Amino acid sequence: MKNHSSKMNASAHYSKRRKLRVAIVGLTSCDGCSVTAIDMGAEFIAAVDHFELGDFFLIMDEKNKKAQYDVTFIEGAPLTKKNIAALKEARKRTKILVAYGACACQGVIPNIKNYIDKGKAVRYQYPKTWKQVDNMDILPLRKYVNVDFCLPGCPPDGRDVIAVLNAVREGINPRLLENPVCYECQLNGNECLLQKGEPCLGPVTRGGCDAVCLNLKFFCKGCRGLLAGYSSAQLEQQILKGTSRKNLERILQVFGIQEEWYNSQKKT
Ligand code: SF4
Ligand code: SF4
Ligand code: SF4
């Protein structure tokens, strides 16, 4: 995914005079990304302690609604006009904007709505109030504002959250693992599901999750997005030997990577 490797604005980073200010903002989300950070416990507290925490939607209200931030993590996808306005406002008030998690990077679960009859879906879900519901296509943050860095995963790995905080503090670009999921999967000694004829997106998906799904015997659905420079063409041929294109597309739609999947094939 393009934004995984995008560079932060170096001039935005480091000040020795004061603590950098950080905000963690939630759009429409399940809160899982932020819970992952909190789950890091003392490590997260130690990393955040180097910052002035001005806003963290999960645990505190922002006191100064006009505050400026050095870095803002944005969790969730913009599903409503209010979300889009909040996103644009956050962009104006921060030097570095981090798309925090797969909803922010790719649209993820809400993005499934893009592939069905939206009108029918909203009337089914909200039979009495559907006229009041914003029923937009679900797009990742980068379609609305400039994103400096994409922190992948549904949810992201807590260690990556710490790595990004530390990199921002040190004024360097965060580096995430560039190996495919297969790398960690095989290090963990898992039996290869793809070789057994099951679909698995591990060969072209960005690793760094410790192949957690494979460790639990579930195949990889690509929540961390595709590795830059990889084509899915060969893997697609392999997967289609064991499953239909319709089923493959259903898998690609779960984490919002269908467009990226086909785009990767055009480049080769
Ligand atoms: S990326 Fe996953 S964990 Fe994070 S808000 Fe979206 S659905 Fe929840
Ligand atoms: S099971 Fe999936 S992730 Fe693991 S080695 Fe096979 S293709 Fe790669
Ligand atoms: S194995 Fe795949 S789907 Fe599971 S967490 Fe890792 S990247 Fe996401």
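This is a predicted model: local features need pLDDT of at least 70, side-chain atom pairs count only at pLDDT 80 or more; totals for chains, interfaces and linings use all residues.
Now, the helix pair. Two packed helices are described by the angle between their axes and the distance between the axes. Take helix α9, residues 233-240, and helix α11, residues 258-266. They pack at an angle of about 120°, and their axes are 9 Å apart. So α9 and α11 are oblique to each other. Who makes the contact? From α9, we have A233, L235, E236 and I239. From α11, we have W261, Y262 and Q265. Sort that contact by class and you get five nonpolar residues, one polar and one charged.

Next, the ligands. I'll start with ligand 1. What surrounds ligand 1? The list runs S29, C30, G32, C33, E75, A102, C103, G153, C154 and P155. Two elements give two or more residues each to this shell: α1, spanning 32-39, and α4, spanning 102-106. By class, the shell around ligand 1 holds six nonpolar residues, three polar and one charged.

Then ligand 3. Around it sit V181, T205, C209, V212, C213, L214, C220, K221, G222, C223 and R224. The largest share here comes from helix α8, residues 212-215, again as three residues. The class count for ligand 3 is seven nonpolar, two polar and two charged. Please look at L214 on your screens.

Last topic, salt bridges. How many salt bridges are there? The count is eleven.

First up, E89 and R93. Their closest N and O atoms are 3.8 Å apart. Buried or exposed? R93 has a relative accessible area of 11%. The cut-off for buried is under 20%, so R93 is buried. E89 comes in at 35%, which makes it partly exposed.

Next, R159 and D157. This salt bridge spans 2.7 Å, N to O. D157 counts as buried, at 16% relative accessibility. R159 counts as partly exposed, at 47%.

Now E191 and K196. The closest N and O atoms of this bridge are 3.7 Å apart. E191 has a relative accessible area of 53%. Exposed means over 50%, so E191 is exposed. K196, at 48%, counts as partly exposed. There is also a network: salt bridges with shared partners join R18, D70 and K95.

To recap. Helices α9 and α11 pack at about 120°. The salt bridges number eleven. That's my tour.

Methods:
Residues are numbered from 1 along each chain as its sequence is written. Chains are lettered from A and ligands numbered from 1 in the order in which they are written. Side-chain values use heavy atoms; hydrogens and water are left out. A residue is near a molecule or strand if one of its heavy atoms lies within 4 Å of it. Helices (H or I, at least four residues) and strands (E, at least two) are DSSP runs, numbered from the N terminus. Ala, Val, Leu, Ile, Met, Phe, Trp, Tyr, Cys and Pro count as nonpolar, Asp, Glu, Lys and Arg as charged, and the others, Gly among them, as polar. A salt bridge is a side-chain nitrogen of Lys or Arg within 4 Å of a carboxyl oxygen of Asp or Glu. Buried means under 20% relative accessible area, exposed over 50%, partly exposed in between (1.4 Å probe, protein chains only). Axes are lines fitted to C-alpha atoms, for helices over the stretch in contact, and angles run from 0 to 180 degrees between N-to-C directions. Angles under 35 degrees count as roughly parallel, over 145 as roughly antiparallel, 65 to 115 as roughly perpendicular and the rest as oblique. Contact means heavy atoms within 4.5 Å.
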